[in-house]
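Hello,

Here is the structure I promised to hand over. Please look through it first; my notes follow below.

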Amino acid sequence: MAFTAKILILGAGELGREFVISAKRLGAWVVACDAYDNAPAMQVADAREVFPMLDGAALRAAVEKHRPDYVVPEIEAIRTEMLVELEGEGVNVVPSARATQLTMNRDRIRDLAAEELGLATSRYRYAETLEEVRAGAQHTGFPCVIKPVMSSSGKGQSKVDEAGGLEAAWTYAVANMRGDRRRVIVEQFVDFDYEITLLTVRTKEGVLFCPPIGHRQQRGDYRESWQPAAMSEAAIAAAQDMARKVVDDLGGYGLFGVEFFVRGDDAIFSELSPRPHDTGMVTLVSQNLSEFDLHARAIMGLPIPAPIRARPSASAVILADRDSAALRYAGLADALAVGGGTVDVRLFGKPTSRPWRRMGVALASAGDTDAARRIAAEAAGKVRIEYG
Ligand SMILES: Nc1ncnc2c1ncn2[C@@H]1O[C@H](COP(=O)(O)OP(=O)(O)OP(=O)(O)O)[C@@H](O)[C@H]1O
Ligand SMILES: NCC(=O)N[C@@H]1O[C@H](COP(=O)([O-])[O-])[C@@H](O)[C@H]1O
Ligand SMILES: [Mg+2]
C-alpha cells in the first residue's frame, strides 16, 4: 500500500461516495462502512466493512482492524459513545467525537446553540409525554413543529396548526424516532423568507465560508438547492458569526453544514451537520473545490485557497417511488441534453429503492440561479427509474 492517509468512513451513502472520490484524488486509502453491502461509497473505496453503525463492538473492531489515521462519520446515527471512547485512546475522530455526539441529539445541539452560545433560534421546549407536548405548544404557540430529538431527513417530523393535532404529531414522532429516548422538541414554526445552508470549513488556519446555499424542502427532506443564495449583508454577517461560534465550540477540522432560516435581515440558527450536507451537492458544479474536496483538505491539513467562490448553479434530486431490488435507469441522454449540455447527473448506485429514497441528483450551472434551478429540475425529471 502507498497512501497519504488512511481514512475509515462511517456511513457509505452518496455523500460518502463523493467524499471518497475527493480523498482518493489526494492519495488517501479509504475503508467504507455501512449496514448494507455495495453501498454507494463502497463501490469507489479501497475496502469495505458491513455492520450497523450503532453497533459499538463492531465499530471498535473495524477501527482496530484498519487502524485509520482518520475516522470520518458520514451519517448521524452512529454509536457515538464508542467514538468518544476511541478518541480517548488516541483515534482521530472527524471533526471531534463531541461534535458527532451533540449533533446526533437535537436537544444537545440546541442547548449548546441557544443556552450556551446565545445564538438566535426559534422558541422551543422539549417533551417526553403528551402533557408536556401540550405545555410546549403553549410556550411556542401555533403553528409549531414537532420532531423526535433523534431523527434526520424529516423522519417523525410534523407541523401542527392547532391543539387538536398535537396527539397525532406526538404519536407520529414516537413511532418514527431513532434510538430509545422518547423525547421530542416542540419548536415554534418559523415563517421564514427562505432557508440556507452555510458550508463552514474549520481549518488549522481558521474558519472559511462558502457562499450560502438556498434550498427547498418537502416532507423534511431536500428537493432542490442553489448557490449563491441572494442574502442581505446583514443576514449573511449574522449567519457567519453564529456559524463561527458553533464550529469553534465543537472544534476539530472539517466542513460543517450550518442550517439557518432567514427572515429579512435576521438569521435564525436551526441545526448543523459536522460533515458535508446533502444540499451542498450543488458544490460539485458550483465551486472549484466541492464541499467534499474541502472536507478532505481540512481533515488532512492541506491548504485551501480563499475566498471560496461559486458560479450560479443548482441541484435537483431524483427520488424513487417504491420498493425494489431490481433497478434500471433510463432517460439519461435526454437529461444530459437539457440546457444545451450545461447539466450533469450523478446516479448514486444504491442497490435497492424505497418510496422517497434519493437515488441521484441533477446538477446545473447557468447565468443565474433561477435558470440553473429550471435546468436542474427539468433534467432530474427526465431520468426515469425502471423497477424490475
Ligand atoms: N421550526 C421550524 N419552522 C419552519 N420550518 C421548519 C422548522 N423546523 C424544520 N423546518 C423545516 O423542515 C426541514 C427539516 O428540518 P430539520 O433540518 O430540523 O430536520 P432533519 O430531520 O434534521 O433534516 P436533515 O437531517 O435532512 O437536515 C427544515 O429544513 C425546514 O424546511
Ligand atoms: N440528510 C442526510 C443525508 O442526505 N445523508 C446521506 O444519505 C445517505 C443515506 O441514504 P439512504 O437512506 O438512501 O441510504 C447517507 O449515507 C448520506 O450520504
Ligand atoms: Mg436539517
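**What was found**

Asp37 is partly exposed, at 43% relative accessibility (buried means under 20% relative accessible area, exposed over 50%, partly exposed in between; 1.4 Å probe, protein chains only). Its side chain meets that of Arg48 in a salt bridge, 2.8 Å from N to O (a side-chain nitrogen of Lys or Arg within 4 Å of a carboxyl oxygen of Asp or Glu). Asp37 sits in the loop between β2 (29-34) and β3 (47-50) and Arg48 in strand β3, so the bridge ties together parts 11 residues apart in sequence. Helices (H or I, at least four residues) and strands (E, at least two) are DSSP runs, numbered from the N terminus. Arg48 is also partly exposed, at 35%.

**Ground rules**

This is a predicted model: local features need pLDDT of at least 70, side-chain atom pairs count only at pLDDT 80 or more, and totals for chains, interfaces and linings use all residues. Residues are numbered from 1 along each chain as its sequence is written, chains are lettered from A and ligands numbered from 1 in the order in which they are written, and side-chain values use heavy atoms, with hydrogens and water left out.

**Domains**

The domain assignment gives domain 1 (6-93), domain 2 (123-188) and domain 3 (194-387). These bounds come from an automatic or database assignment. Domain 1 and domain 3 have C-alpha centres 22 Å apart. Their contact takes 20 residues from domain 1 and 23 residues from domain 3 (contact means heavy atoms within 4.5 Å).

About 1,800 Å² is buried between domain 1 and domain 3, and carbon and sulfur atoms give 63% of that. Buried area here is the accessible area (1.4 Å probe) that two parts lose on being put together, summed over both.

There are 3 salt bridges between domain 1 and domain 3. Glu18 forms a salt bridge with Arg346, with the closest N and O atoms 3.2 Å apart. The interface of domain 1 and domain 3 also has 8 residue pairs in polar contact, both residues at pLDDT 80 or more. A polar contact is a pair of N or O atoms within 3.5 Å; within protein, one must be able to donate a hydrogen and the other to accept it, and residues adjacent in sequence count only if both atoms are side-chain atoms.

On the side of domain 1 that touches domain 3, α1 (14-25) and β4 (70-73) each supply at least two residues. Helix α1 gives the most to that side, with 7 residues.

**Salt bridges**

The whole structure has 28 salt bridges. One of them joins the side chains of Arg358 and Glu14, at 2.8 Å from N to O. It links distant parts of the chain: Arg358 is in strand β18 (residues 358-365), Glu14 is in helix α1, and they are 344 residues apart. Arg358 is buried, at 9% relative accessible area. Glu14 is buried too, at 8%.

Glu187 and Lys147 meet in another salt bridge, at 3.2 Å from N to O. Glu187 lies in strand β8 (residues 184-188) and Lys147 in strand β6 (residues 144-148), so this pair ties together parts 40 residues apart in sequence. Both Glu187 and Lys147 are buried.

Shared partners join Glu14, Asp221, Asp278, Lys350 and Arg358 into one network of salt bridges.

**Asp278**

Asp278 is in the loop between β14 and α9 (283-286). It is buried, at 15% relative accessible area. A polar contact of 2.8 Å joins its side chain to that of Arg358. Leaving aside neighbours within four places in sequence, Asp278 is in contact with Leu15, Asp221, Tyr222 and Arg358.

**Ser151**

Ser151 lies in the loop between β6 and β7 (158-160). It is buried, at 4%. Its side chain makes a polar contact of 3.0 Å with that of Arg106. A polar atom of the Ser151 side chain also lies 3.1 Å from the backbone oxygen of Lys155.

Glu259 lies in strand β13 (residues 254-263) and Glu271 in strand β14 (residues 266-273), so the pair ties together parts 12 residues apart in sequence. Glu259 is buried, at 14%, whereas Glu271 is partly exposed, at 24%.

Best wishes
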